[in-house]
Amino acid sequence: MLPINCGLAYRSTWSFPEVAQPEVNVDTKPRNGGHLLGVHQEVNYKYESDRKVTVSSSHPTDDTLDLISVSTFVAISGILHIMTISTALKNVIVVGGSYVGQSAAQQIAAILPVTHRVLLIEPHSHFHFLFVFVSTSQWSIGLHFHSRVDL
Amino acid sequence: MPPVTIANPDPHKVVQARVLSVNKDHVVLDRQWQGTDRLPFDFVTIATGARHPAPGNLPEALDESKAAGVAYLQRLQNKVMGAKSIVIIGGGAFGVQMATDIKDLFPSKKVTVVQSRPHLMPQFDTRCHDIVVSRFNELGVEFITNTRVTIPEGGFPETGETFDVTLTDGRKIEADLVIQAAGAKPNNELVSRAKRRVCHHALLPFS
């Protein structure tokens with residue numbers, strides 16, 4: 001009687017240790033065909049070249065800026081750029097870690113560039129599986145009183 | 001160019017906190033996370049779902065304590081064990097699950113599902129209704145459709161005494177326990193409190 005839930009059918013990369021995740025045979029490759037790295041690289045290069053263009057063109061008429069300081073500026077901004085990517089990740093926030101939120105977070109995570117991360121915000125320490133919670137509570141008394149194991 | 005090394009291959013995180021508000025470019029948490037209660041975002045998905053009356057969701061006061069939640073469900077178990085005639089309000093997935101579980105384990109108890117619509121589990125194909133009806137008949141679960149329960153002021157007694165459950169068509173069912181399995185409400189407080197401009201950045205899967 002349990003509805004098949006898409007949120008649980010994907011590979012779980014989240015730590016919800018209290019949840020007994022059903023073992024479902026699914027394709028565990030990322031949804032973009034496993035070329036996550038390729039996507040990242042593409043985005044990176046594009047971003048880097050955009051950045052260089054911006055840096056060099058923002059000071060071309062500045063007479064006080066000599067060649068050394070321009071190249072230094074470019075070098076520093078390049079370093080800053082790399083630091084930005086590796087340290088200051090931008091957030092894609094998912095509010096709510098239930099069926100829809102978990103599924104959304106996993107699907108978004110599979111296609112995000114390295115510049116971004118998913119933050120799944122959920123107040124509970126555990127996954128509240130609506131049907132299983134009440135069901136198992138009934139089963140546990142049933143098993144106790146009837147010794148039936150025909151689940 | 002050489003391939004770029006990914007500094008942190010798994011940057012994604014689960015944050016255990018409640019979101020108090022969604023603003024233009026950040027959310028406010030009810031507690032600190034990594035030294036801040038404000039998390040900036042480029043994009044936000046609001047997937048806060050719906051809230052069900054207990055026992056679908058635990059009563060709000062117990063909601064975030066696992067031990068209190070377990071104790072609550074154990075009290076519900078005891079009520080079910082002590083009851084002879086149980087009325088379940090709502091013939092959706094939760095009501096049907098509850099009814100079949102109880103009747104499967106306790107065939108001697110009378111279980112009645114009251115459903116306001118013509119079909120059970122109406123969000124699915126009507127063939128689902130047929131499957132449920134055939135299982136109800138196997139187990140001996142009674143059900144009434146197209147009818148609502150009149151909930152008395154202050155709710156139904158929970159002391160175990162026998163009382164009449166009155167339906168909107170005038171019928172009465174004798175019962176000693178009523179379980180509510182209807183009346184889910186969307187958790188849309190965050191959206192209603194959010195400023196209008198937030199909506200340009202928000203994705204609402206179930207709006």
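Is Asn146(B) buried or exposed, with how many other C-beta atoms within 10 Å? The last of the following legends, which describe a predicted model, returns to this residue.

**View 1. Overall make-up of chain A.** Chain A contains 5 helices and 2 strands. Read from the N terminus, its elements follow the order α-α-α-β-α-β-α. Chain A comprises 151 residues, of which 23% count as buried. Among the contacts in chain A with a separation of 6 or more, 62% are made by residues 24 or more positions apart.

**View 2. An open, antiparallel sheet in chain B is formed by 3 strands.** The strand order is E2-E3-E4. Strand E2 (19-22) and strand E4 of chain B stand at the edges, and each has a single partner strand, so one side of each lacks a neighbour in the sheet. On average, neighbouring strands of this sheet are turned by 25 degrees against each other, direction ignored. In general, the strands of a sheet pair through backbone hydrogen bonds, in either a parallel or an antiparallel sense.

**View 3. Strands E2(B) and E3(B) pair in the antiparallel sense.** The pairing extends over 3 bridges. Within it, Val19(B) has Leu29(B) in E3(B) as its bridge partner.

**View 4. Strands E3(B) and E4(B) form a hairpin with 2 residues between the strands.** Strand E3 (residues 26-33) and strand E4 (residues 36-40) of chain B are antiparallel and are paired over 4 bridges. Trp33(B) stands opposite Thr36(B) in E4(B). Gln34(B) is located in the loop between E3 and E4 of chain B. Its phi is positive, near 50 degrees, although Gln34(B) is a residue other than glycine. Gln34(B) counts as exposed because it has 7 C-beta neighbours inside 10 Å, and the cut-off for an exposed residue is 12 or fewer.

**View 5. A cis peptide bond joins Ala54(B) and Pro55(B).** Omega of this bond is about 10 degrees. Pro55(B) belongs to the loop between strand E6 (50-51) and helix H1 (66-82) of chain B.

**View 6. Asn146(B) adopts a positive phi.** The value is about 60 degrees, and the residue is not a glycine. Asn146(B) is placed in the loop that lies between strand E9 (142-144) and strand E10 (163-166) of chain B. As to the opening question, Asn146(B) is exposed, with 12 other C-beta atoms within 10 Å; this assignment holds because a residue with 12 or fewer such atoms counts as exposed.

Key: Residues numbered from 1 in each chain as written. Chains lettered and ligands numbered in written order. Predicted model: local features only at pLDDT ≥ 70, side-chain atom pairs only at ≥ 80, totals over all residues. Buried ≥ 20, exposed ≤ 12 C-beta atoms within 10 Å, placed from the backbone. Contact = placed C-beta atoms within 7 Å. Pairing = 2+ DSSP bridges. Axes fitted to C-alpha atoms, helices over the stretch in contact; angles between N-to-C directions.
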